[in-house]
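Please look at the sequence and the structure before reading on.

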Amino acid sequence: GAQREVRWHDKRVTGSIDFVIQPIKKEIMAYQSTNPYNGKVLQKFDEINDAALEEKLSQASHCFENEWRAKSFAERSAVLARAAAILRERPQEFAELITLEMGKLLPQSLGEVALSAAILDYYAEHAEAFLAPEKIATPRGEAMVESSPIGVLFGVEPWNYPYYQIARFAAPNLMAGNVVMVKHASSVPQCALAWERLMLEAGAPAGAYTNLFISKDQVAKVIDDVRIRAVALTGSEAAGAVVAARAGQNLKKTTMELGGSGAFIVLDDADLDKAVKHAVSGRMSNSGQACTASKRFIVVESMADGFLEKFQAALENFKPGDPMDKQTTLAPLSSAEALKNLLGQVDEAVAGGARVLMGGQRIEGQEGAFMQPTVLADIDKGNPAYRQEFFGPVAMFFRVADEDAAVALANDSPFGLGGSVFTQDIERGKRVARRIDTGMVFINSGASSSPELPFGGVKNSGYGRELSGAGIQEFVNKKLIRVS
Ligand code: NAP
């Protein structure tokens with residue numbers, strides 16, 4: 001769908017590089033909450049001006065230098081644990097904002113709030129051990145490696161899990177002694193502010209966590225700013241390419257958590273009912289708007305008809321409605337624009353030869369951005385859909401001869417984020433998992449996330465890891481100290 005253009009002008013004479021960013025959403029540059037269930041505009045927020053941005057950068061830098069970096073793990077941990085406790089004391093208040101701004105079913109919003117609290121607690125508890133100094137055996141006297149914070153970090157985050165995405169970035173880095181500034185997606189400004197208030201209420205000093213309502217041009221300014229030491233982005237490949245390039249020009253390290261088109265492989269010895277159950281939740285959770293969602297269903301011939309029949313039957317049962325209502329099982333997409341883009345991708349797939357087995361249309365009679373659960377088949381290599389990510393309830397179905405063909409198809413993708421393998425032979429599942437070129441593979445389940453499990457991808461899905469012990473090591477200085 002979306003088209004973004006990046007242009008470079010290499011001015012070799014001066015040695016400087018002029019970098020032009022063309023945002024796609026020019027018409028809605030302001031930060032705006034719109035309820036995707038009924039199209040109602042809830043709140044708008046202006047972007048801050050450059051003087052206000054400078055104040056925030058200066059405050060963050062001051063906070064790092066004079067306050068946060070000097071705090072003990074116990075002091076930082078108290079702030080994060082308090083933030084987790086607040087999320088658990090008032091889950092409804094936080095969850096409803098997610099549902100209002102991006103349409104997630106309320107029970108799933110409550111789940112996201114609980115997961116965000118768990119991430120805060122996880123790093124509050126384990127950060128000190130993860131970053132403990134390491135002695136190195138060397139014949140040259142005494143040597144050790146200490147992990148020290150590097151400074152102010154900048155994060156660019158997406159709307160699909162408005163708190164969880166921030167928790168993944170902020171919790172480990174704050175515990176490491178860095179301070180963070182976040183440009184959240186322009187469609188979830190109330191969630192963005194709620195998290196900033198949460199951190200202050202939990203006792204974080206001003207400048208430890210800073211929300212930035214800034215333009216794309218200002219994003220570039222922030223990346224260029226000498227006080228910013230590294231950049232993390234979660235979002236699309238297009239945004240990742242722009243932000244990583246800019247950071248690269250400044251020799252700043254980045255982590256990139258980008259799109260995915262997870263293969264969901266069903267082998268001949270799979271438990272079919274289990275596979276179907278996970279296929280449905282893997283494709284439909286968050287209305288299909290998850291980077292790790294199962295998107296390509298690759299089923300061996302002997303299981304294909306049975307799988308399709310049960311999968312489609314289950315997808316027929318989804319009931320669209322108000323995502324605040326606990327009876328609703330199908331939420332709207334995050335915005336009218338998201339629906340338009342997805343419908344466009346389906347049309348393009350069909351024009352390229354795909355067959356619609358079910359769905360394929362917007363749901364009539366609903367005001368909101370509702371997409372029918374959709375299954376596409378007969379997608380051959382020449383079809384643009386073959387290499388695309390469908391960010392919504394659209395499943396691509398592929399029939400293959402055997403395990404080898406399934407692995408080959410799974411790996412024939414520009415993405416490398418997640419994937420699943422269904423088999424009752426766990427050793428076989430592990431062998432297949434080792435052959436899949438992604439950052440995460442799940443045997444007998446769809447993708448899921450937990451604070452202690454590393455999260456991230458390879459290929460166009462990005463690089464670096466969030467969560468787990470790995471997630472706290474990305475932006476620390478591994479400093480060698482040697483005594484002769
Ligand atoms: P997006 O358009 O790339 O937006 C993500 C963030 O990047 C937003 O804050 C957005 O700001 C900003 N952004 C976009 N273009 C930019 C530019 N040219 N310069 C600076 N900032 C820019 O992605 P999305 O459509 O919201 O999210 C869906 C994508 O994210 C999917 O591809 C999904 O797979 C991926 N995702 C990946 C992970 C992961 O962990 N791997 C997790 C979740 C989502 P505005 O809102 O102001 O445009």
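This is a predicted model: local features need pLDDT of at least 70, side-chain atom pairs count only at pLDDT 80 or more; totals for chains, interfaces and linings use all residues.

## Helix packing and ligand contacts

Helix H2, which spans residues 73-89, packs with helix H5, residues 164-175, at an angle of about 155°, and their axes are 9 Å apart. Because angles over 145 degrees count as roughly antiparallel, H2 is roughly antiparallel to H5. On the H2 side the contact involves Phe-73, Arg-76, Ser-77 and Leu-80, which meet Ala-171, Leu-174 and Met-175 of H5. Sorted by class, the residues in this contact of H2 with H5 are five nonpolar, one polar and one charged.

H3 contributes Pro-91, Gln-92, Phe-94, Ala-95, Glu-96, Ile-98 and Thr-99 to the contact, while H4 contributes Leu-106, Ser-109, Leu-110, Glu-112 and Val-113. Among the residues of this contact of H3 with H4, seven are nonpolar, three are polar and two are charged.

Helix H7, residues 216-224, and helix H8, residues 237-249, also pack together, at an angle of about 35° and with their axes 9 Å apart. The crossing in which H7 passes H8 is right-handed. Val-219, Ala-220, Ile-223 and Asp-224 of H7 make this contact with Val-243, Arg-246 and Ala-247 of H8, and by class the contact of H7 with H8 holds five nonpolar, no polar and two charged residues.

The ligand is the next topic. It is surrounded by 31 residues, of which Glu-157, Trp-159, Ser-236, Leu-258 and Glu-389 are the closest.

| Residue | Atom of the residue | Distance to an oxygen atom of the ligand |
|---|---|---|
| Lys-183 | polar side-chain atom | 2.9 Å |
| Ala-185 | backbone N or O atom | 3.4 Å |
| Lys-216 | side-chain N or O atom | 2.8 Å |

For Lys-183 and Lys-216 the atom in question belongs to the side chain, whereas for Ala-185 a backbone N or O atom is involved. Lys-216 also falls in the residue range of helix H7, residues 216-224, and its side chain has an N or O atom 2.8 Å from an oxygen atom of the ligand.

Methods
Residues are numbered from 1 along each chain as its sequence is written. Side-chain values use heavy atoms; hydrogens and water are left out. Contact means heavy atoms within 4.5 Å. Helices (H or I, at least four residues) and strands (E, at least two) are DSSP runs, numbered from the N terminus. Ala, Val, Leu, Ile, Met, Phe, Trp, Tyr, Cys and Pro count as nonpolar, Asp, Glu, Lys and Arg as charged, and the others, Gly among them, as polar. A residue is near a molecule or strand if one of its heavy atoms lies within 4 Å of it. A polar contact is a pair of N or O atoms within 3.5 Å; within protein, one must be able to donate a hydrogen and the other to accept it, and residues adjacent in sequence count only if both atoms are side-chain atoms. Axes are lines fitted to C-alpha atoms, for helices over the stretch in contact, and angles run from 0 to 180 degrees between N-to-C directions. A crossing is left-handed if the near helix is turned anticlockwise from the far one by less than a right angle, and right-handed if clockwise. Angles under 35 degrees count as roughly parallel, over 145 as roughly antiparallel, 65 to 115 as roughly perpendicular and the rest as oblique.
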